[in-house]
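Colleague: I would like to go through the wording used for this model, term by term. For each one, please give the value and the rule behind it.

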Amino acid sequence: MTGQQQAEALRREIWQIANRVRGAVDGWDFKQFVLGALFYRFISENFTNYIEGGDDSVDYAAMSDADIPDEVKVDAIKTKGYFIYPSQLFQNVAKAASKNDSLNTDLAEVFSAIEASASGYPSEEDIIGLFADFDTTSNRLGNTVKQKNERLAEVLKGVESVTLNFDENEGDLFGDAYEFLISNYAANAGKSGGEFFTPTHVSKLIAKLAMHNQTSVNKIYDPAAGSGSLLLQAKDEFDKHIIEDGFFGQEINYTTYNLARMNMFLHNINYDKFNIQHGNTLMEPHFGDDKPFDAIVSNPPYSVNWKGSDDPTLINDERFAPAGVLAPKSKADFAFVLHALHYLSAKGRAAIVCFPGIFYRGGAELKIRKYLVDNNFVETVIALAPNLFFGTTIAVNILVLAKNKTDTAVQFIDATGEEFFRKGTNNNFMEDRHIAEIMKMFDTKGNVPHVAETVPYDTIVEKDYNLSVSAYVEPKDTREVVNIKELNAKLVTTVAKIDQLRADIDAIVAEIEA
């Protein structure tokens, strides 16, 4: 069995387990328990592997908590960011789970102890609250303590049975399994939650756009990080050494913020190489002291409300002031764009998924487009195929910003044609060959009839700063070509036959009536 086949078999197995243990509970509501248990198992095995250091004579899980010297604990926290006593390891808790009448309280104490172990250390912010959504008292687990314990034991036993072996250097498989679970939960969540996850194939394109032709970047940033999938795609796509100072992101939803932090650990990114913060990026940005970033990737929420002109101080905010106008209160899209632009370095590139309406509407959005074009920040606008994202069928665009353009032209790519995606049952997909074709056009900036046009600045001004791809890329004429002369000749023949038939019928009728 190849590595890919093993990964696919593991995905099927873990999804079956996730479905089985949730019982009658909606999968979306139950996801934090399965994802949290998988994370708990990962950090337990990861920690055990670190302590044992490959020495077969050491069996950390079998040791007594009292036998662990304080200096070992301190060293472990400084290196791994957290500490787990042998009795708190997943394998020991899961082993006795079915017979533990206080499983829910014991688990809560274990999670609290793991988080508390980082208190006062540099990893504290990365660890605190990680298990906050694994609520062992939740009614989703049942109405009585007995029911909660039974459901918790099912979850632990289910995750325990997954054939993952960290000792065989399968750390990436943990991350892959976690990513697969998040993706499947998002795909099945419909409009209630799928929007927090950017599908892997779209993430791959966005990461390639942001990192294109950069041999190394100082750090990569996502101002609407979601589960961290866009940041992690950049890690998967490029050699890990190319991103020198790590991964940065901010997420407004607390549950999703925790998913993103767990996702970083599960993809073997140590706590000192990522910085994911919780909060409202537009109103409480956390990384003002860490900018500029050489690569920015983002799929911000489409057309959400924000304070906008209700907060008069925002027009003086250094992120929004240069444009001279704020994004509309009912459509924050351009507020995220201006935020990303402000955080972008002079040599970097930002690739941002955008709702297509912002590229042609008037008012404040027109003024912001004028600012972006007049200052030569817009490199490319790419129209993607419809139905690529979970929870929406909208055909969205990718806006690529750069501050080091060598000319004032703007490139427009229409990637909505069937040659740029594969139709799926519920969603469409971009395969590697589709992404490669888009990247080839992005790289060369060449014109491709009906697909790509690189347009001079003056032309965009003449079109009143409209940045819709359809305003510059002429669509293919797919209408059937008709030969008028041939059609007319056929009509003459057909009419003659009808006239002859009419005459024959009239003759027959006259003969009958005679």
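Colleague: What is the bridge partner of Ile-296 in strand 5?

Modeller: Ala-350 is the partner of Ile-296. The model is a predicted one, and local features need pLDDT of at least 70, side-chain atom pairs count only at pLDDT 80 or more, while totals for chains, interfaces and linings use all residues. Residues are numbered from 1 along each chain as its sequence is written, and side-chain values use heavy atoms, with hydrogens and water left out.

Colleague: Why is strand 5 called largely enclosed?

Modeller: Nine of its eleven residues are buried, so the rest of the structure largely encloses strand 5. Buried means under 20% relative accessible area, exposed over 50% and partly exposed in between, with a 1.4 Å probe and protein chains only.

Colleague: What is the order of the nine strands in the sheet?

Modeller: The order is 3-2-1-4-5-7-6-8-9, in an open sheet with mixed pairing. Strand 3 (274–278) and strand 9 (452–455) each have a single partner strand and stand at the edges, so one side of each lacks a neighbour in the sheet. From one strand to the next, the twist averages 15°. Helix 14 (residues 432–444) packs on the sheet and touches strand 5 (344–354), strand 6 (378–384), strand 7 (397–402), strand 8 (410–415) and strand 9. The direction of helix 14 makes about 165° with that of strand 8. Such angles run from 0 to 180 degrees between N-to-C directions, and axes are lines fitted to C-alpha atoms, for helices over the stretch in contact.

Colleague: Why are helix 2 and helix 3 called oblique to each other?

Modeller: Helix 2 (residues 27–52) and helix 3 (residues 70–80) pack at about 120°, with axes 12 Å apart. Under 35 degrees counts as roughly parallel, over 145 as roughly antiparallel, 65 to 115 as roughly perpendicular and the rest as oblique. The pair is therefore oblique. The contact, meaning heavy atoms within 4.5 Å, is made by Asn-46, Phe-47, Tyr-50 and Ile-51 of helix 2 and by Val-72, Asp-75, Ala-76, Thr-79 and Lys-80 of helix 3.

Colleague: How many residues of that contact of helix 2 with helix 3 are nonpolar, polar and charged?

Modeller: Five are nonpolar, two polar and two charged. Ala, Val, Leu, Ile, Met, Phe, Trp, Tyr, Cys and Pro count as nonpolar, Asp, Glu, Lys and Arg as charged, and the others, Gly among them, as polar.

Colleague: What makes helix 13 mostly covered?

Modeller: Eight of the eleven residues of helix 13 (residues 364–374) are buried, including Leu-366, Ile-368, Arg-369 and Leu-372. The buried residues pack against helix 12 (333–343), strand 6 and helix 15 (457–462). Asn-376, with a positive phi near 60°, follows helix 13.

Colleague: Which class of accessibility does Tyr-121 fall in, buried, partly exposed or exposed?

Modeller: Its relative accessible area is 24%, so Tyr-121 is partly exposed. Tyr-121 lies in the loop between helix 5 (103–116) and helix 6 (124–127). Setting aside residues up to four places away in sequence, Tyr-121 touches Val-74, Ile-77 and Lys-78.

Colleague: Is Asn-213 buried or exposed?

Modeller: Exposed, with 64% relative accessibility. Asn-213 sits in the loop between helix 9 (200–211) and strand 1, and has a positive phi of about 60° although not a glycine.

Colleague: And is Asn-387 buried or exposed?

Modeller: Relative accessibility is 18%, so Asn-387 counts as buried. Asn-387 also has a positive phi of about 60° without being a glycine, and belongs to the loop between strand 6 and strand 7.

Colleague: What is omega for the cis peptide bond that joins Lys-291 and Pro-292?

Modeller: About 10°. Pro-292 is in the loop between strand 3 and strand 4.

Note on methods:
Two strands pair if DSSP finds at least two bridges between them. Helices (H or I, at least four residues) and strands (E, at least two) are DSSP runs, numbered from the N terminus.
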